[in-house]
Amino acid sequence: MRRHPRPAGQPRGATMTRRCWLAAAAAGLGTLGLPTAGVAELRPTPSARDISRRRRIGYAESMPYGNYASTLAAILRELERLGWTGDLTGMPYHPGQTDTAALWSWLAGHAGSSALEFVADAHVTNLTPGDAAALMKRLNDDQDIDLMIVMGTVAGIALATDAHRVPVLVFSCTNPIAAGIVASETDTGRDHVWAHLDPQRFLRQLSVFHKTFQFRRLGIAYDDSPAGRAIASLPDIETAAARLGFELVERHVRAPADKHDQQRYEADLSAAWDALSREADAMYITYGRWPLDRFAALIQPFLQRRIPTFSQLGPEEVERGALMSIARADMAGIGQFGAATIARTLAGEPLRRLPQVYFDTPSIAWNLATAEAIGYRIPFPALLTTDSLYGVP
């Protein structure tokens, strides 16, 4: 049985925390110029009493996605706590759900306040170019929406434009700078556009993954288009490869054009992952357009050939067969950050001046069944610091 190299252990009897394990595993972060932890400091949040009229809120997302729904729910809960919404008791959200349409419909009917109105017909999912054009016309001509909450890279690219002047706040976007949504960490580039940034997130992931397995050839598969490269955060992957000294083995898989193209996409992805399982020492699974219920079947070539896998997305894919991931521990922090940004925007602060960078202590996830399948023994210190452990007999 082939076993992959084990990360350095900790002296017996020492106390290991999640932060300490990450710092030890990511010892290369110093050479990457990365901080090991950080949280944006929020200024006092304006009160709903600080605005002169009721503001109408719209929502758009690239597709139904668990991370979008959980981020939206966290923002809403914080807005409720701050007094910007009505009572959200009974809000139809549960961890893991992907649907935001029913949630938004409920908000429109139940969560209004003297400060905010969630506009029933201003929710768009699976944003297409046609949807974006219609929404842009509404924002520019009708001017009946005061702020857009946007989730995902595709939706962010479509709506963060100069074709309108309505404030657009983009969340859950892999790399907003690479995608051209904002200009930099300190300057959005537009007065009406803002995006949440965690600029070192994927460099942290790759540093820990490389320190753990010391791979020489890392497999990646992505859509080789401007949006596809941004969604995968390819610039970060290339930076990590250059600085940590590993080679990238790449396959390109064109994203599905629509739901009718999904079968072709999954067939192409399956072929790409099978090829990479034969050529790479490890696999970094970037964001993709597969349903989570298909992930366990798609990942099988890596288990069969004992290739360690790291999910860029997070614990959702570890639960379904990826070996490990490092992601946000929960959504409470980003909920507070996002709600405060929305409140300050509605109170009249220009988006261009508001902080965009926020990151918190990450969550570590392992899959024991996958580790056993590929012949890897997870070090005990790593298990002690694990937030989510899947594949337990």
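Biologist: How many cavities of 30 Å³ or more does a search of the whole structure find?

Modeller: It finds 2 of them. Keep in mind that this is a predicted model.

Biologist: How does anyone look for empty space in a protein?

Modeller: Rolling a probe the size of a water molecule over the atoms shows where empty space is left.

Biologist: Okay, and what volume does the second largest cavity have?

Modeller: About 50 Å³.

Biologist: Which residues line the second largest cavity?

Modeller: You can look for Tyr65, Tyr287, Gly288, Trp290, Leu292, Leu313 and Glu317.

Biologist: How many of those are nonpolar, polar or charged?

Modeller: The lining has 5 nonpolar residues, 1 polar and 1 charged.

Biologist: Let's switch to the sheet. What is the order of its strands?

Modeller: The order is β2-β1-β3-β4-β5, in an open sheet of 5 strands with parallel pairing. At the edges sit β2 (116–124) and β5 (193–195), and each of these pairs on one side only.

Biologist: How many degrees are neighbouring strands turned against each other?

Modeller: On average it is 20 degrees, with direction ignored.

Biologist: What holds strands together in a sheet anyway?

Modeller: Strands of a sheet pair through backbone hydrogen bonds, either parallel or antiparallel.

Biologist: Then how many bridges join β1 to β2, and how many join β1 to β3?

Modeller: There are 5 bridges between β1 and β2, and 5 between β1 and β3. Take Ile57 as an example: it stands opposite Phe118 in β2, and its bridge partner in β3 is Leu147.

Biologist: And what about β3 with β4, how many bridges there?

Modeller: Strand β3 (residues 147–151) is joined to β4 (residues 168–171) by 4 bridges, and the two run parallel.

Biologist: Which strands does helix α3 touch?

Modeller: Helix α3 (residues 66–81) packs on the sheet and touches β1 (55–61), β2, β3 and β4. Its direction makes about 140 degrees with that of β3.

Biologist: Great, thanks!

How values were computed:
Residues are numbered from 1 along each chain as its sequence is written. This is a predicted model: local features need pLDDT of at least 70, side-chain atom pairs count only at pLDDT 80 or more; totals for chains, interfaces and linings use all residues. Side-chain values use heavy atoms; hydrogens and water are left out. On a 1 Å grid over the protein atoms alone, a cavity is a set of points where a 1.4 Å probe fits but cannot get out, and a pocket is an open set with protein on both sides within 12 Å along at least five of seven lines; lining residues have an atom within 4 Å of a point. Grid points are joined across faces, edges and corners, and a volume is the space filled by probe spheres set on the points. Ala, Val, Leu, Ile, Met, Phe, Trp, Tyr, Cys and Pro count as nonpolar, Asp, Glu, Lys and Arg as charged, and the others, Gly among them, as polar. Two strands pair if DSSP finds at least two bridges between them. Axes are lines fitted to C-alpha atoms, for helices over the stretch in contact, and angles run from 0 to 180 degrees between N-to-C directions. Contact means heavy atoms within 4.5 Å.
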